[in-house]
Amino acid sequence: MDLRIFTEPQQGASYETLLAVAKATEDLGFDAFFRSDHYLKMGSVDGLPGPTDAWITLAGLARETERIRLGTLMTAGTFRLPGVLAIQVAQVDQMSGGRIELGIGAGWFEEEHKAYGIPFPAERLARLEEQLAVITGLWSTEPGRTFDYRGAYYRLEDSPALPKPAQARIPVLIGGHGAKRTPRLAARYADEFNMPFASVADTERQFGRVRAAAEEAGRAPGDLVYSNALVVCVGKDDAEVARRAAAIGRDVDELKANGLAGSPAEVVEKIGEYAAVGSSRIYLQVLDLHDLDHLDLISSQVMSQLG
């Protein structure tokens, strides 16, 4: 079971804070550092000092880390033109020495679009499908050849399809709860399917849909990695769990029901339930980015038991 650290910087984090978390992620043996791609806070937090851009952040971290994978859960397809995003991600992959992964979704948070003047079209899933075709098409075009694409929303003519990523193939992550179109997109384009903030039962059901869609598309279901994203709140004892829950404005019982919370033993047991339905990777949503002792505890008392 891979454990990855997943941050939500729109809730309030500077680049320096994210750098400290990424360095701890690397030093403590976690597999990867991921971040959300949002420009507006959610809930009652103040969000200070303000939003940071996902791909600018990852470009910086690419030069200041050495081992961990780096990526997004999920880049909003509404934020960037697909050709531009393909260039950005390929460049950051080069800067990292081939450690980048692209999680991409259709975009959903209308308020942040209004706040920063970003168009919020109605047909976002149809656009996402074309974006995936363009991005993966650009990366896979052989050097010296050009790439053309004519879709309903995007048209490319005689693109040199440059730059190329450092990796032969940048892993693409697709996720979500949608019962039909999401599994179909994952089956066609994804290297990994991620089920965010879902119960074990809902996870098993959605993984089944993705596997069925892969088979229908003529692809082996085992070609994909299946993962979850879950909020994490671990403590050595009940008092520490309660303190960490209070720090992120959550109730302990709610966190235990909907995430990975409690003692290390409780969290290891819950992770085992997700593993039993096919999950091989967990993105730990860490909401208090100043509590690096939390990461240390997870590394020493949870990750050490997972093998």
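Glutamate 129 counts as buried, at 18% relative accessibility (buried is under 20% relative accessible area, exposed over 50%, partly exposed in between, with a 1.4 Å probe and protein chains only). The model is predicted: local features need pLDDT of at least 70, side-chain atom pairs count only at pLDDT 80 or more, and totals for chains, interfaces and linings use all residues. Residues are numbered from 1 along each chain as its sequence is written, and side-chain values use heavy atoms, with hydrogens and water left out.

Glutamate 129 lies in helix H5 (residues 124-140). Helices are DSSP runs of H or I with at least four residues, numbered from the N terminus. Neighbours within four places in sequence aside, glutamate 129 contacts Arg184, Leu185, Arg188 and Tyr189 (contact means heavy atoms within 4.5 Å).

Helix H6 (residues 181-189) also packs with helix H7 (residues 200-216): their axes come within 8 Å and cross at roughly 50°. Axes are lines fitted to C-alpha atoms over the stretch in contact, and angles run from 0 to 180 degrees between N-to-C directions. H6 is therefore oblique to H7 (under 35 degrees is roughly parallel, over 145 roughly antiparallel, 65 to 115 roughly perpendicular, the rest oblique). In this contact, Thr182, Pro183, Arg184, Ala186 and Ala187 of H6 meet Gln206, Arg209, Val210, Ala213 and Ala214 of H7. The contact residues divide into six nonpolar, two polar and two charged (Ala, Val, Leu, Ile, Met, Phe, Trp, Tyr, Cys and Pro are nonpolar; Asp, Glu, Lys and Arg charged; the others, Gly among them, polar).

Aspartate 296 sits in helix H11 (residues 292-306). Aspartate 296 is partly exposed, at 37% relative accessible area.

Notes: Helices (H or I, at least four residues) and strands (E, at least two) are DSSP runs, numbered from the N terminus.
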